Amino acid sequence: MAGPHSPAQGWSWHVPSPPRIIVPPPALNANGIPDLHVVQDTAFDFEPSGFANAEFLQTVTYGNLISSNNMLEWKYEQRRMAQQILPFLYLGPMAAARDRNFLQREGITMVLAVRNTMSAQAKLLGSKAAQEMGIESRNVDVAGNQELIAAFPRAIDVINIHLSAMYQLQQARGAQATASAQNHPPSTPGKVLVFCESGNERSATLVTAYIMAMYSADLIKAIQIVQAQRFAVAFDDSLRNLLSTYEIILRAKRDVVQADSRIVGNGGTGKPGLNNSTNGGLGKSSKRTIDDSYEDDDDMDMDGGDRFLDHGRFEGRASSAPFHDRHGS
């Protein structure tokens, strides 16, 4: 027997999930190549990224980094190889990190493994070939994909520190060769191979996060850049939502850096939360304290104060009852 009420909306028995993030294919230029520019201006300021040791990026040739349409020319066998995503950043599977010919041919100077902690304990994911060739080896260990977002800053710093050191070495050797007027062999620019078991999930997510952090690229564009070079990458809904969350964190981080820059321009300290220019040089925190909140409550006009309370944001909304009355029951 039907009850006196009926549900206003259809029942859902599954766990609520965020909306899906759809990544459309990139636009193609007149030559049928994905038109994906990372940085078009060589004077791009990397400081708002919040990451240090980025001066080497100014020497990279910018513009459309996609030289071929791998999405149309992709072959199944290429999933076992590594692809160049940026001039100094490669993405591939574990097999590529163990390929001596590849490491030597491409001039890889560091391999970075993104491992599950279980694989790390069992020593199942590594590059013995890189160690024997004198190539620096680093690891980023996570218990699960959800821990990647906490590992992004550490991994990005590892990449930047290595590339910056290689850049400084290249500059020093160039200056030494000029001063001695001798022909020294040119130093190798830094190149990093990021890999995991398949090269399609954890390592691909890290490379995407690097592009988002260092080039202020949004989530969609960063995924398109990676996928245009390595078509085998697999970003499931959880990884896309994780990168979307990281994009929000980066946006907030850039806002803080830009705000601190404005403080410095106005005579402040430039330290987060400090503004000497507005506090007589005392360095008082710009955050409101709990006492400030109580003082604001005391000064509030109680006659019209309801609009400042939390429930005020629900005013003016149409009512939505969860159930409707059945007529004739």
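1. Let's begin with helix α7 (residues 202-215): 14 of its 14 residues are buried, so the helix is largely enclosed by the rest of the structure. Buried means under 20% relative accessible area, with exposed over 50% and partly exposed in between (1.4 Å probe, protein chains only). Helices (H or I, at least four residues) and strands (E, at least two) are DSSP runs, numbered from the N terminus.

2. A word on the source: this is a predicted model, where local features need pLDDT of at least 70, side-chain atom pairs count only at pLDDT 80 or more, and totals for chains, interfaces and linings use all residues. Residues are numbered from 1 along each chain as its sequence is written, and side-chain values use heavy atoms, leaving out hydrogens and water.

3. Now look at strand β6 (residues 192-196). Since 5 of its 5 residues are buried, β6 too is largely enclosed by the rest of the structure. Val192, Val194 and Cys196 point one way, while Leu193 and Phe195 point the other way.

4. Which strands pair with β6 in the parallel sense? Strand β3 (residues 89-93) does so over 5 bridges, and strand β4 (residues 110-116) over 4 bridges; pairing requires at least two DSSP bridges between two strands. Opposite cysteine 196 you will find proline 93, and opposite phenylalanine 195, alanine 113.

5. Finally, arginine 240 lies in helix α9 (residues 237-265). Arginine 240 touches Ile21, Ile22, Val23, Leu219, Ile223 and Phe235, not counting residues up to four places away in sequence; contact means heavy atoms within 4.5 Å.
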